[in-house]
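Please walk me through this model in the viewer. Tell me what to select at each stop and what is found there.

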Amino acid sequence: MSIIDVTNLTKYYGKSRGIVDVSFQVEEGEIFGFIGPNGAGKSTTIRLLLSLIHPTSGSARVFDLDVVTQGPEIRRNIGYLPSEVYYYEGMKVIDLLRYSASFFPGDFTKRMHELSEIMELELNRRISDLSYGNKKKVGIVQGLLHSPRLLFLDEPTAGLDPLMQRKFFNLIREENARGVTVFFSSHILGEVQRLCTRVGIIREGRMAEISDIRSLQQNNYKKVRVMAEGLDADLFQIPGVTNIQVEDGSLNFFFKGDINLVLQKIGGMRVEDVTIEEPTLEEIFMHYYE
Amino acid sequence: MRIFIRELKANFKSLLIWSVVLFLLIMIAVAKFSAFFENPEMLSMLDSIPPAMLDALDMRSFNLTTLSGFYGFMFIYFGLMGAMAAAMWGSDIISKEERDKTVEFSLVLPVSRSQVITAKALAALVNCIGFVLITWIVSIIAVQQYNPDKAFFDFLALEMQAMFVLEMIFLAIGLLLGCAMKHYKRSGSTAVAIILTTYFLSILSGMEEKLDFLKYLTPFKYFDAGNMFRTGQMESIYLIISICIVLVCVFGAYWIYNRRDLYI
């Protein structure tokens, strides 16, 4: 059983597109990266999974429960860090965290103090007095407090300084080591690369690719750069070659497939220099958006 | 239960402010009343006011030089305040979560939307009951100087019951607006617009016989203080209409809120 099972999920807001025909699975214990630029449909997908909004068509199950009809049961085991954090302004941090924790069975006082200490969060301040970054910290503690089985993180690092980001990533890794499944949405590829085991790439509301992060980087794509005189882009028009660019006497392209095909082509030429390397996620990503 | 208590705390200030306004209204009105009280000159002055004007202000039914008459005249203002407060509480208690963008917190907790509405509606209900009780108590204290008789207290009790029913109608309407309107900014103003429209309808229906049918459209006419004063009770047909309005609105609120997308 997958922890998240999304099938042909579609959401339109009136006529404007939210997401179209999105399908994917997230397995127990993995950190699933969900990347795409702003407006691609990342938050829409998460909000559908949390039953804040309802799908136009298609279905989604979390813990094998239907998101439309069984939302409250699903949310018993979920922690959510929204991209923008808003809480009841008049409350103190500690009262808000206690209020949140009171909806879940168990005593989380010790955990609350542990987490606040790690994130350097002052518990006695009023929510309305907090800066954006500090509100985000409240969100992190609130999301992790009740030891959920599944974490939804929507652009979690915005507003956190690099030191806090590192502490936050460590926290997420610790949670994951305890078996917590993480759904990590971001448009910053570096952090997805650091943390995730698999990624889904969403583009204009549609899932462009779902792939193991290693195979995405190592097995599937190579970034090839050839320097030679009299280069012709047509020479490399073979299956698997994409994104050919000629600049300053060098030819750049991505290749997916049997690398020997490319080597044979190159072998027949007199080249000045050749590099074949793994593209960064950033480059793969750009490639999907062109 | 936790949502209910949190909402009570969050709305306590609002109840306090409304109560202070009401307290001032009653105190000023009762102070003014001292000029009317058992004053024959006032009676003849009131007789000289054009009848249409009296109709518009609903002053014809009452002898303003008696305490009961004066309180009959005051009823519409209690009703208006109660309706206003109830409608604001009803719509705001739901829509504020979207206005303040806290839905991404409060509705990601393991509670159903129906549970949220129930807890919040009960908190608003407590406020409405509190508001009526405060009106009642302040009135009793304020009129002590005129040595009111039992008939006055009975009439006051009836007025307060009618005010409560008015509150319930507008609380339910407010709740429905808060649950149904995605544009949270408009739910409060729509509620006020409905109150003012129905209030003016009630004035119109009193002024012109041809417009008498309007009385079914405006809750403010359901509990006409003059009628209540004469009959000593609320008319059952209007009580039934009121209950129907409340049930339809509350049912609609649950139905819509459970189905619609939250505005984030």
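Two strands count as paired if DSSP finds at least two bridges between them. Strands (E, at least two residues) and helices (H or I, at least four) are DSSP runs, numbered from the N terminus. This is a predicted model, in which local features need pLDDT of at least 70 and side-chain atom pairs count only at pLDDT 80 or more, while totals for chains, interfaces and linings use all residues. Residues are numbered from 1 along each chain as its sequence is written, and chains are lettered from A and ligands numbered from 1 in the order in which they are written.

On strand 13 of chain A, A:Phe254 stands opposite A:Lys223.

Now widen the selection to the whole sheet. This open sheet of chain A has 4 strands in the order 12-13-11-14, with antiparallel pairing. Its edges are strand 12 (241-247) and strand 14 (271-277) of chain A, each of which pairs on one side only. From one strand to the next the twist averages 15°; axes are lines fitted to C-alpha atoms, for helices over the stretch in contact, and angles run from 0 to 180 degrees between N-to-C directions.

Next, select residues 259-267 of chain A. This is helix 9, which packs on the sheet and touches strand 11, strand 13 and strand 14 of chain A. The direction of helix 9 makes about 5° with that of strand 11 of chain A. Contact here requires C-beta atoms, placed from the backbone, to lie within 7 Å.

Finally, show both chains: 17 residues of chain B are in contact with 17 residues of chain A. On the chain B side, helix 1 (2-36) and helix 5 (103-106) are the elements that give two or more residues. Helix 5 of chain B gives the most, with 3 residues.

How values were computed: Contact = placed C-beta atoms within 7 Å.
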